[in-house]
Amino acid sequence: MHARDTAVEVRNLTVTYGPETALRNLTVDIHGGCISCILGPSGCGKTTLVQTMLGLVSPLSGTVTMLGKRVHSLEREEISDLLANVGVTFQHGALFGSRTAGENVAAPLRTRTDLDEDTIQSIVEVKMALVDMQHAVHRYPAELSGGQQKRVGIARALALDPDLVFFDEPSAGLDPVTADDLDELIEDLNAELGATFVIITHEVRSAVRISDRIIFLDDGNVRESGTVDEVLHSDDRKVRRACTVGFAAILLLP
Ligand code: ADP
Ligand code: MG
């Protein structure tokens with residue numbers, strides 16, 4: 001894929017959970033090669049949007065075209081092939097607690113490739129070094145800090161050299177300094193790898209700091225999208241206000 005192509009095209013996507021509508025006729029493009037943040041308050045549909053892009057949730061209507069493939073028209077096996085090229089760190093996506101950090105990173109290589117043991121071990125070392133965790137290959141998740149666990153999760157998401165990587169609330173539950181370090185790591189990795197990164201977050205500060213583009217979600221739809229500068233200078237008062245003072249302050253606005 002050429003870096004400047006559209007990595008994901010979402011068209012008129014509607015997703016419901018029983019009587020509740022989580023996404024309403026949502027249309028958006030994720031640009032290739034850069035960092036896009038899907039930003040919005042809790043409950044606005046961020047996780048649902050990503051899970052629908054990944055084929056984990058089926059839409060009521062609309063389409064998702066990811067890396068040129070129409071996700072919800074694919075057979076199970078074709079989805080599996082497509083997802084081999086997509087890395088994910090889930091919001092609550094824990095590591096396997098009974099496996100070392102290195103074995104966690106090796107897991108996708110073991111299930112998806114026929115690589116021999118030496119090759120797997122050297123890829124694990126490279127990926128762990130990429131996230132500054134080369135010293136922790138043999139440690140168990142319980143022996144790592146929250147920030148270190150997130151780093152191992154990122155190394156695992158990068159194991160198969162994906163073209164597209166989703167990070168759902170990557171710094172959730174971390175202290176501000178550790179969260180900033182993780183933002184910096186994600187920015188560095190994007191520059192180094194040239195893959196398309198999609199960050200899901202409700203942290204305005206983090207979104208503004210690391211993204212090239214922001215998709216601002218509100219109540220199941222895109223309220224604004226564009227470069228960081230365009231979104232910061234939006235004509236929409238609610239968007240501007242959220243970007244300057246955060247989401248708590250906009251709950252009072254109509
Ligand atoms: P966000 O990630 O932005 O916090 P979600 O995508 O998790 O938002 O949720 C969007 C809406 O859909 C919320 O109102 C939430 O309560 C609802 N929702 C999410 N997942 C489910 C589910 N599995 N079953 C029912 N409702 C859900
Ligand atoms: Mg979420």
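This is a predicted model: local features need pLDDT of at least 70, side-chain atom pairs count only at pLDDT 80 or more; totals for chains, interfaces and linings use all residues.
**Cavity and pockets**

Rolling a probe the size of a water molecule over the atoms shows where empty space is left. In this model the count comes to one cavity of 30 Å³ or more.

| Space | Volume | Make-up of the lining |
|---|---|---|
| Largest cavity | about 30 Å³ | four nonpolar, two polar and one charged residue |
| Largest pocket | about 890 Å³ | 23 nonpolar, 10 polar and eight charged residues |
| Second largest pocket | about 240 Å³ | three nonpolar, eight polar and five charged residues |

The lining of the largest cavity consists of Val50, Gln51, Val88, Thr89, Phe90, Phe166 and Asp168. Three elements give at least two residues each to this lining: helix α1 (46-53), strand β6 (86-89) and strand β7 (164-168).

For the largest pocket, 41 residues form the lining, and those closest to the centre of the pocket are Val88, Thr89, Phe90, Arg156 and Ala157. Val88, Thr89 and Phe90 are also among the residues that line the largest cavity. At least two lining residues of the largest pocket come from each of β6, α3 (101-112), α5 (146-157) and β7. Helix α5 supplies the largest share, with seven residues. Strands β6 and β7 also each supply at least two residues to the lining of the largest cavity.

The second largest pocket has 16 lining residues, and Ser42, Gly43, Cys44, Gly45 and Lys46 lie nearest its centre. Strand β2 (20-31) and helix α1 each contribute at least two residues to this lining. The largest share, four residues, comes from β2. Helix α1 also gives at least two residues to the lining of the largest cavity.

**Nonpolar cores**

The largest nonpolar core holds 44 residues, and the members that touch the most others are Val124, Met128, Val152, Ile154, Leu189 and Phe197. Helix α6 (residues 176-193) provides the largest share of this core, five residues. Val124 touches Gly102, Val105, Ala106, Leu109 and Val137, when residues up to four places away in sequence are not counted.

**Positive phi angles**

Leu67 is not a glycine, yet has a positive phi of about 50 degrees. Its place is the loop between β4 (61-66) and β5 (69-70). Is Leu67 buried or exposed? Leu67 counts as buried because its relative accessibility is 19%, and the cut-off for buried is under 20%.

Asp161, also a residue other than glycine, has a positive phi near 50 degrees. Asp161 sits in the loop between α5 and β7. Its relative accessible area is 52%, so Asp161 is exposed, the cut-off for exposed being over 50%.

Key: Residues are numbered from 1 along each chain as its sequence is written. Chains are lettered from A and ligands numbered from 1 in the order in which they are written. Side-chain values use heavy atoms; hydrogens and water are left out. On a 1 Å grid over the protein atoms alone, a cavity is a set of points where a 1.4 Å probe fits but cannot get out, and a pocket is an open set with protein on both sides within 12 Å along at least five of seven lines; lining residues have an atom within 4 Å of a point. Grid points are joined across faces, edges and corners, and a volume is the space filled by probe spheres set on the points. Ala, Val, Leu, Ile, Met, Phe, Trp, Tyr, Cys and Pro count as nonpolar, Asp, Glu, Lys and Arg as charged, and the others, Gly among them, as polar. A nonpolar core is a set of buried Ala, Val, Leu, Ile, Met, Phe, Trp, Tyr and Cys residues joined through side-chain atoms within 4.5 Å. Buried means under 20% relative accessible area, exposed over 50%, partly exposed in between (1.4 Å probe, protein chains only). Contact means heavy atoms within 4.5 Å.
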